[in-house]
Structures are given as C-alpha cells and as structure tokens.
Amino acid sequence: MEEINLLYPITTNTRVVLDLDGVWKFQVEEPVGSITEDNPLKTDEVMAVPASFNDQTDKPALREHNGYFWYETNFEVADILQDQRLVLRFGSVTHEAWVYLNGKKLTHHKGGFTPFEVEVNDFLVPGKNRLSVRVSNLLDYTTLPVGNFSETKDENGDPQYSVDENFDFYNYAGIHRPVKLYSTPKDYISDVTIVPDVNLNDGSANVNFDIDTGGSFDDIEIKIIDENNNEVGTAKGTSTNVEINNVHLWQPLNAYIYTAKIIGIKNGKIVDTYEEPFGVRKVEVKSGRFLINGEPFYFKGFGKHEDTYVNGKGLNEAYNVLDIKLMKSMGANSFRTSHYPYSDEMMRLCDREGIVVIEETPAVGLMVDFGFDIANKMDKIDEDPTWSKLKTGDAHRQVIHEMIDRDKNHACVVMWSISNESAHYAPGAHEYFEPLFKLARELDPQKRPCTYVAIMMTLPDTDKCTDLVDVISLNRYYGWYLTNGDLSKVTDTVLQELNQWQSKYPDKPIIYTEYGADTIAGVHSPYNEPFSEEYQVEYYKKYSTAFDEVKNFTGEQVWNFADFQTKFGIQRVQGNKKGIFTRSREPKMAAKYLSDRWNNIPNLGFKKLK
Ligand code: BDP
C-alpha cells in the first residue's frame, strides 16, 4: 500500500520551518461559486489561524454557516531558501480543503483531523505569494464524522446547505492546526519508522529503523541520543537495527525519550538531518490483561475533546499543557482521543509526559438516527439500517492510513480505536469492520492492540464484532440515559454485564471508555438529584464498586474530562456538561472523589496476572 509521509516539521542544521499562522483574511462563499482562486478575497473579515472560525464572531449566521468559506494570506520566501525543497504543511483543515498558490491549485484534502502537505517550488513567484484555501465544513453519509446533510434552494435558486451533526460535539471548522512552510534539501529524509523490540529479561532493546528518502544518498547514518545527550548506539543503512543495552524504558507517567538522529550523506558531506524522538516500551494483551513492559497496566483517565473557548477545536497548547497537569494531579495516566486524532503537538506532549493514549479515528456517528433515546433504540436493533445506508468505507480506510502513518512512532499511543459507538450490533457490522481491523493491523509497524468503543446497545448477546478486538471497550450510561435519577441498581447492572463479557471472552481485557452524568457546576442537592455535583460523585462511586470486583476489568476512563460544546438540543444546556472540569477547567466535586480513588490505584500491577 502506498505510504503517506507525514514527518513533523522541525528545524535542524539542514531544515528551516516558517510559520504561516496568524490573522488571515476570511470570506464565506455565498452564493456557492461566487469566489474563485483567481482573485484576492474582497473582504475585511479576518480570522485567527489556527482556530475554528465559529467562535471568532458575534454574528450567529456566520457561526452557524454550513458550506464553503475561504482563507487567504500572503508570504514571501527568503532568497537563501530558493534552492531548497519547500513544502507547505497543514496540521489539519476541517473538513475538506482546496489549496491554491497564486491562483493555481496545489492540493486537495478531505478529512478534518489529519495533516497533509505539498511541495510548492514550482508554484512560487518572486515577491509576495498569495495562499488561498477553500474550506468546506459539510458532512454527510460518506464522511467521517457522519453528518445528516440536506440541501434546499433559496429564492435566487442558490443552494443552501444544512448539516445536523450525527454525533455529540459541535461541528467546529476551519484551519484548526498550524500551517507551516518548511525546507528540506533536494535529497531528503522523507519518513522514519521506529519499532523497538524490548527484551525485558536482560534490559536491552533492539530498535528497528526504516528510513525513506527522496532524491539520493550514498549513506544513511542513525545515532541514538539519550536524555543526557550521550550517544548510546549507531547504525548505517535505510533498514537497520540498533541495540541499546541498559535501556531506559518509557513507562506510564515516567517517560524516557531517546532521540534518533538520522543523517543523510552524499559525496562525503552531510546533506540532510532529521530528529525523531521515541520511547522504548512493549505493549501486549495477554490473559485478560493489558501489559505495558510486561506488567498489567490499569487505565485511569478520561475521554476528552479538543474543545476550548474561542479556539473551538483549534490547537490550544496552553490548554493541552494544563489538561495534562490536571490529569496528573488527579492520578490519571491516560486518555482517549475521542472522537478523532488529536494534533501532532498533543501527541508529542503525551510522549514526553508519559501519558498513555488510546488513539481514535474520526469514525463517530456511524449509526443512522443517532440520538439519546437508548431505551427506544434497544428494541429495534435488528432492523437498524446503518450498514446499508452509510458509505463511509473509503473515508474510514483513508483515515486509518493517515492516522497510523502520522503516529506510528509515538510511544504514548498504545492502542488504536477504530470507531466510537458505531452500530456494531446491526446487520452488516462485521462485514464493514473486519477489513478495517485487518488494514490497521497491517499498517501498524508496532502491531498495537486494536479496539472499538461500544455503545450501550452493543451487549454480550447483541454485539457482532467483538472477535475483531483485542480489548473490549464499553461506553455505559446506567443511571443517566437509562434509569436517570435512580442509582440503586447501577452497581449490580454493571457487574452483571461485565461478568457476562468476561465469561464470554476470558482472554480479553475490558475497559470503560465512557461513563458519566451531566453535572452543572455549582448545582447542589441534599437528595443527589441528577445534574447536581453530588449525583455525579454518587454515580461514579456505584461504578467503582463494580469495577473492583471484575478480574479482567483493566481501566476506567470517565466521560468527559471537561464540559464541551455541542450542537443545540433539548438535552444540552450550552453543551455537554459531563465534564469533571468545567469548560474553563474548574473542578467539580467529582474531581476530588476520582483523584482520591486514582491516586490509590497503581498504574502498573493493580490487577496482577495470576
Ligand atoms: C456517547 C458518545 C459521546 C457523547 C456521550 C454523551 O460517545 O460522544 O458525548 O455519549 O451522551 O454517546 O454524553
């Protein structure tokens, strides 16, 4: 299968990175077809990049716009870079982008949560260059995430689009992640694949390197540098191994990062260098346990969102840093990138901070008529038409490919989640998912475990796909969407279901990837009423009691880390309020409860292998 090269742009002694972020011109394309790449945008409207456009305005019509819109900036390239290979890279544009330079088409990319890049040398002109990006935020039954799309005509006959999110987060859009122009020499390192093989008995590791290049080199040299800047191994060649003795393992919350310095040599001279940070660790699923470096790991943490005030889903590094500190102080060790791959920057941060990540594709909403009426859905699962209606296969294959290619070297990523809450119980589910799991396993050089995240209708006797997963991941809302206000039976229900899964699949670890209750910060109740902070605490207590009794239960990730924005709806008051923190990261009472619990559960060795 064709490889996608998505090395993160960095500066080295042979590479320069220019930052094109800032305030760009912005214009909505209304009517459709009224703007083309030929002329500069005629607008006074501006938007900050990277960020969602939606919350950078006081105008409701702009915030809720569905359709096409344009961004534009100008830049000049220094003369000293003219003989270099110049690449324009977008960290992500949500959801579809057509990119033009000086009115000429550079590239097109569909999929809002993965990077893409293009060489621009042949398109540059002397002086100012006009970079324009046409973006669409439309979603339908072919895209990931899945949207309910409809089109009408206005009084002039022009199309008006509407997208109803088939999922529970606001459809933020725009240029969400950094835009960089970077240089490489004409002969360059184009990709690095690192696969550590740890020998836990003698404390050594054999690290395999595959280096791809563009142009040509006489030699490739690899140097492994430790955290004290000492060289601890070297090798030559594009496909080679380096042995590290007395290896420092990358451990949850105790990261150790080596740097692989890749050097491309031609005619006796260094032509290109690239540096890839990596951790050495072993991940396995065995006898109902999730092992990291040979020891049973217990996931403690959260489902999250990329979601902050004003930035929307745009990169917000200060929030990323704060979020990880808050997680650590609570004794959490992990999160899931619900419901799409997060930024390169977040993944690099998690590597360094020792945060364990379950990385998820944007396959969310793969269930026709998504809604919160679980009880009603449960009665109709055999008639669910999802897999005959959705046409998401191509997008799904593409994003699995892009996600794994981008993040294959990250020590923090220990498992891929192929989808969130799809109709895994419906006719046709297995046929849809089997090839996707096969693809992910083929593409991942580190052969990480794979899972999907199961909605409440996916039960031991209704699920059609559990044979495909290494780990059973469950989202459960007993005491919230079912029996709201009555927590009396939650522990028993949870326990009973977990025991059923365990006896049916005794070798598969089970984790909860979501469970939660909407909670309005500051609402209190002596009767533990729903929406009060007390109810949220009681809710979590009931689940904890059940979890501790199940041998193969190896992780709890609560829903959600923080309150987040959603579409409008009678079940949502300014968004989803299941956060343990508010949207501005103030803790609710449950933060204290979970922090007391998690700080007393070790990351490794909690539920020992017998
Ligand atoms: C699940 C989804 C998640 C929602 C959550 C909820 O996986 O995206 O936000 O429930 O309803 O359906 O709060």
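**Notebook: helix pairs and a pocket**

The model is predicted, with local features needing pLDDT of at least 70 and side-chain atom pairs pLDDT 80 or more, while totals for chains, interfaces and linings use all residues. Residues are numbered from 1 along each chain as its sequence is written, and side-chain values use heavy atoms, without hydrogens or water.

I looked up the axes of α2 (residues 317-329) and α3 (residues 344-353): they come within 11 Å and cross at roughly 35° (lines fitted to C-alpha atoms over the stretch in contact, with angles from 0 to 180 degrees between N-to-C directions). In this contact (heavy atoms within 4.5 Å), Glu 317, Asn 320, Val 321, Ile 324 and Lys 328 of α2 join Glu 345, Met 346, Leu 349, Cys 350 and Glu 353 of α3.

I then turned to α6 (residues 393-407) and α7 (residues 429-443), whose axes come within 10 Å and cross at roughly 20°. The two are therefore roughly parallel (angles under 35 degrees). Their crossing is right-handed. Among the residues of α6 that meet α7 are His 396, Ile 400 and Ile 404; those on the α7 side include Phe 433, Leu 436 and Leu 443.

Lastly, I examined the second largest pocket. Its lining has 21 residues, and His 95, Lys 110, Gly 111, Thr 143 and Leu 144 lie nearest its centre (a pocket is an open set of points on a 1 Å grid over the protein atoms alone, where a 1.4 Å probe fits, with protein on both sides within 12 Å along at least five of seven lines; lining residues have an atom within 4 Å of a point). I found that α6 gives the most to this lining, with four residues.

Notes. Angles under 35 degrees count as roughly parallel, over 145 as roughly antiparallel, 65 to 115 as roughly perpendicular and the rest as oblique. A crossing is left-handed if the near helix is turned anticlockwise from the far one by less than a right angle, and right-handed if clockwise.
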